[in-house]
Structures are given as C-alpha cells and as structure tokens.
Amino acid sequence: MIDIVDIVNEVIEIGNDEFSPVYKLNEKSKDILFQYCKAIESLFDENDVKSFTAEADEDDMTIKLSFECSYFRVDNSQKLKAAKLCQRMLSLKVVWLEDELMEITFTFPPLWERA
Amino acid sequence: MNEDYYEEFDNTTFEVDEDAESDAFLELIAPDFLKYADAPKILNKERVMDLATAEKALREIFKDVKNVKITSEANEEISGTGSISITAPEAEISRMFTFAGVLLLSDGIEIFPRTDGLVQIDFGFYDTALPINLKGGN
C-alpha cells in the first residue's frame, strides 16, 4: 500500500510555503491528520487502490485525500472507525471515472490558522 | 473550527480473521441453510425501522443533489436482508454527522462503479426478516 502519510506530509510542506507567513501550521492538527490517514489506509484493500493523491486546496486550505479504486467496503467490524472518521471530515465525494474505476475523495478542515 | 475536527483518534479496531470466521460459519449453517431459506419469515420491526430511518436520512442528505436515485429493499428474497442503494454519476456528501449515523445503523457499506457510468453506494441491513419457528440446538 502507498504510504499516504509521506505524501500528505509533502503536501503540507508545500502548503506551508504557500500559506505562510499569513497562516501558521497547527502541528497538533497535523499529527492528528496523520492518525486519520492511517485509519483511512486501513479501510482500503491495497489490491483495489490504483492511485492516491493529496492536495491542500489553494483557496480554502482544506486537505483533500483522493483514492482511485475499483471497490470500497466497510463491514461491521470497521464501521465504528469509519463513522468516527466521517464525523471528522467535511465531506466525502464519490465520482465515476470509468468501468471498474471510481474516485473517492475525503476532505478535511484546514491545518493552518491565521498567524 | 480545527479543534472540533482534529481530536486524538483511536485507530484500534476489532479485527477478525474473516476467512476463518466465514468458513466456520458456513460449516455451521450449511445443514440448515435450505430449511432457513425456505422458512416463512416475518419482518423484524426494529430492524426495518432502522432501515426506514436511514433511508429518510439519506433522502435528506441528497435532497438538493441532482441525478441521485435512492432505492430500498426491506426483505431480499432468501437472504432476509435489507438494503438501501444510492446511484449517481457522482455523489458528494457534506452532512457527515448524519451520514455517520446512517453508517452506524447499517451493517456496512459497499461502494463501486457500475458499467453504466454511475457509482453505487449500498448500505446493508441484516435480519430485517426473521424465520418463524427457527429452532437452534442439535
């Protein structure tokens, strides 16, 4: 499985360059976002994930984590974790791309606060 | 706003060996499965209410979204399970607390792309119908 924490960390560093000095990174929120990344990673079957991208939105500074995959399933043993994750995110988007391929995007609140 | 969303997250979960559990379960029910499948069933009111509540919440979540179709089945033939299906070219959900509540009411969720340009989101509800006079024991 792709190490999504590494990719998200790179995206945060790029965001830092872009948003500072007006905005300052909340380090505690960043660490917690990494916990969410680990939790999301554990919900996906690595065989189903074709690609992963992360983005810090230039306009609203939200963090978007996008998975291209063919199938996503949460069963009873994982639904509590998934539900808790849902409560921490701003939105969830699913888009059809082609036969046997879709994109699932999880959007989390900004990590940056006005300095 | 961040403090509301970024709170320490317990990443532990109840892990089971699904294959082993599944094999053991199939072995256990195999002799009775046909009898179970053919047995007359009655709707499990509590579980059907869960399904109805979840469907109402989902219709509220998607009420302003175009090209979204929501269907439900309270008692699928043989399995006695219920389901809610959402189909759309794309589906964006922003009422995440409500969505989390639906997930908790259900027995799980499956999301997959179909061959007709739509994605499908299925929520499963076990035990919406129960067989009458199904006796346990040996």
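## The contact between the chains

The contact between the two chains takes 36 residues from chain B and 42 residues from chain A. The model described here is predicted. On the side of chain B that touches chain A, the elements giving two or more residues are α1 (2–5), β4, α4, β5 and β6 of chain B. Helix α4(B) provides the largest share of that side, six residues. By class, the residues on this side of chain B divide into 22 nonpolar, seven polar and seven charged.

## Helix α4 of chain B and its partner in chain A

Two packed helices are described by the angle between their axes and the distance between the axes. The axes of α3(A) and α4(B) cross at roughly 170 degrees and come within 8 Å. Angles over 145 degrees count as roughly antiparallel, and α3(A) is therefore roughly antiparallel to α4(B). From α3(A), the residues A:Lys79, A:Ala82, A:Ala83, A:Cys86 and A:Gln87 meet B:Met96, B:Phe97, B:Phe99, B:Ala100, B:Leu103 and B:Leu104 of α4(B). This contact of α3(A) with α4(B) has nine nonpolar residues, one polar residue and one charged residue.

## The partner of α4 within chain B

Within chain B, helix α3 (residues 45–61) packs against helix α4 (residues 96–105) at an angle of about 155 degrees, and their axes are 9 Å apart. That angle makes α3(B) roughly antiparallel to α4(B). The crossing of α3(B) past α4(B) is left-handed. On α3(B), the contact is made by B:Asp50, B:Thr53, B:Ala54, B:Ala57, B:Leu58, B:Glu60 and B:Ile61; on α4(B), by B:Thr98, B:Phe99, B:Gly101, B:Val102 and B:Leu105. Seven nonpolar, three polar and two charged residues take part in the contact of α3(B) with α4(B).

Which residues of α4(B) are buried? They are B:Met96, B:Phe99, B:Ala100, B:Val102, B:Leu103 and B:Leu105. The buried residues of α4(B) pack against elements of chain A, namely α3 (79–88) and β5 (91–98), and against α3, β4 (90–93), β5 (109–113) and β6 (119–125) of chain B.

## A buried methionine in chain A

A:Met89 is placed in the loop between α3 and β5 of chain A. Is A:Met89 buried or exposed? A residue counts as buried if 20 or more other C-beta atoms lie within 10 Å of its own; A:Met89 has 23 such atoms and is therefore buried.

Apart from neighbours within four places in sequence, A:Met89 is in contact with A:Phe106, A:Thr107, A:Phe108 and B:Met96. B:Met96 is itself one of the buried residues of α4(B). The C-alpha atoms of A:Met89 and A:Tyr36 are separated by 9.5 Å, although these residues are 53 residues apart along the chain.

## Strands that join the chains

Five strands form an open sheet with antiparallel pairing, in the order β2(A)-β3(A)-β6(A)-β5(A)-β4(B). At the edges stand β2 (49–56) of chain A and β4 of chain B; each has a single partner strand, so one side of each is left without a neighbour in the sheet. From one strand to the next, the twist averages 15 degrees. The strands β5(A) and β4(B) pair in the antiparallel sense over four bridges, and A:Val94 stands opposite B:Ala91 in β4(B).

Another pairing joins strand β4 (residues 72–74) of chain A to β5(B), in the antiparallel sense over three bridges. Here A:Phe72 stands opposite B:Ile111 in β5(B).

## A helix across the sheet

Helix α1 (residues 4–19) of chain A lies across β2 and β3 (63–69) of chain A. Helix α1 of chain A runs at about 25 degrees to β2(A).

Methods. Residues numbered from 1 in each chain as written. Chains lettered and ligands numbered in written order. Predicted model: local features only at pLDDT ≥ 70, side-chain atom pairs only at ≥ 80, totals over all residues. Axes fitted to C-alpha atoms, helices over the stretch in contact; angles between N-to-C directions. Parallel < 35°, antiparallel > 145°, perpendicular 65-115°, else oblique. Left-handed = near helix turned anticlockwise from the far one by under 90°. Contact = placed C-beta atoms within 7 Å. Nonpolar A, V, L, I, M, F, W, Y, C, P; charged D, E, K, R; others polar. Buried ≥ 20, exposed ≤ 12 C-beta atoms within 10 Å, placed from the backbone. Pairing = 2+ DSSP bridges.
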